[in-house]
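Please look over the structure below.

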Amino acid sequence: MSSFAPDDGVPPRGGLLRDEQALSGVKDYAAALDGVLALALGRIRIFDRALGLDYNAPARIETLRAFLLANRANRIAIVVHEPERIRTRCPRLVTLQRQFSYAVSIHRTLSLARNVYDPFCVVDGSHYVRRFHFDSLRGVLVRNDADGAAELVRRFGEIWEASQPAVTATTLGL
């Protein structure tokens, strides 16, 4: 899956003004993520150290499911440093991946990308949520910023290239 490719097929949102909002805590960040995920029309790219339990919340999973059902071409790409929490604490996300295995990819970073420390989510190459560091509660929500989003899409591509599949839609075994 070319998860970091340009967002072809997504209608341009020209004429809309850039909107930036400072985030100062876990609740602000979670609400901002839910807000940008609801805006998604084509691609969602997520990078984090380890996904929070919000990715097992029924409301967030339903938002992602509705996004995937809206268009068969829609894609979700996730890269984390620590995928264990997804396997053990996010069964709804794993189920979503099984149901939409063609559209949901979850990777873990290799050593080359272990020094990336700022979690972010980019939606459709124009909206994003970003924390400045894993350990910081400060962050920013930005809507209608194609230039800033393009930089994060580029970074996501670099991280993606330095990652490998971590959580798969099938269970292997005897």
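## The largest cavity

Strand β2 supplies the largest share of the lining of the largest cavity, three residues. The model is predicted. It holds one cavity of 30 Å³ or more. The volume of the largest cavity is about 30 Å³.

The lining consists of Y29, L33, I46, F47, D48, Y55, F120 and C121. Elements giving two or more residues to this lining are α1 (26-39), β2 (43-48) and β5. By residue class, the lining has seven nonpolar residues, no polar ones and one charged.

## The largest pocket

The largest pocket holds about 340 Å³ of space. It is lined by 20 residues, and Y29, D48, A50, G52 and R131 are the closest to its centre. Y29 and D48 also belong to the lining of the largest cavity.

Helix α1 gives the most to the pocket lining, with four residues. The pocket lining divides into 10 nonpolar, three polar and seven charged residues.

Strand β5 covers residues 120-123 and pairs with β6 in the antiparallel sense, over four bridges. The two form a hairpin, with three residues between them. In the turn, D124 has a positive phi of about 55 degrees.

Strand β6 spans residues 127-131. Is it mostly covered or mostly open? Mostly covered: four of its five residues are buried. Strand β7 (residues 139-143) also pairs with β6; four bridges join them, and they run antiparallel.

V129 in β6 shows both pairings. Opposite V129 stands C121, a residue that also lines the largest cavity. In β7, L141 is the bridge partner of V129.

## Helix α4

Helix α4 runs over residues 91-99. Which of its residues are buried? They are L93, V94, L96 and Q97. Seen down the helix axis, these buried residues fall within an arc of 155 degrees, so they line one face of α4. An α-helix has 3.6 residues a turn, so residues three or four places apart point the same way.

What covers the buried residues of α4? The cover includes two helices, α2 (58-70) and α3 (84-89). It also includes the strands β3 (75-80), β4 (104-109) and β8 (163-167).

Definitions and conventions:
Residues numbered from 1 in each chain as written. Predicted model: local features only at pLDDT ≥ 70, side-chain atom pairs only at ≥ 80, totals over all residues. Heavy atoms only, no water. Buried < 20%, exposed > 50% of the residue type's maximum accessible area, 1.4 Å probe, protein only. Pairing = 2+ DSSP bridges. 1 Å grid on protein atoms, 1.4 Å probe; cavity = no way out; pocket = protein on both sides within 12 Å on 5 of 7 lines; lining within 4 Å. Points joined across faces, edges and corners; volume = space filled by probe spheres on them. Nonpolar A, V, L, I, M, F, W, Y, C, P; charged D, E, K, R; others polar. Arc of directions from axis to C-beta. Contact = heavy atoms within 4.5 Å.
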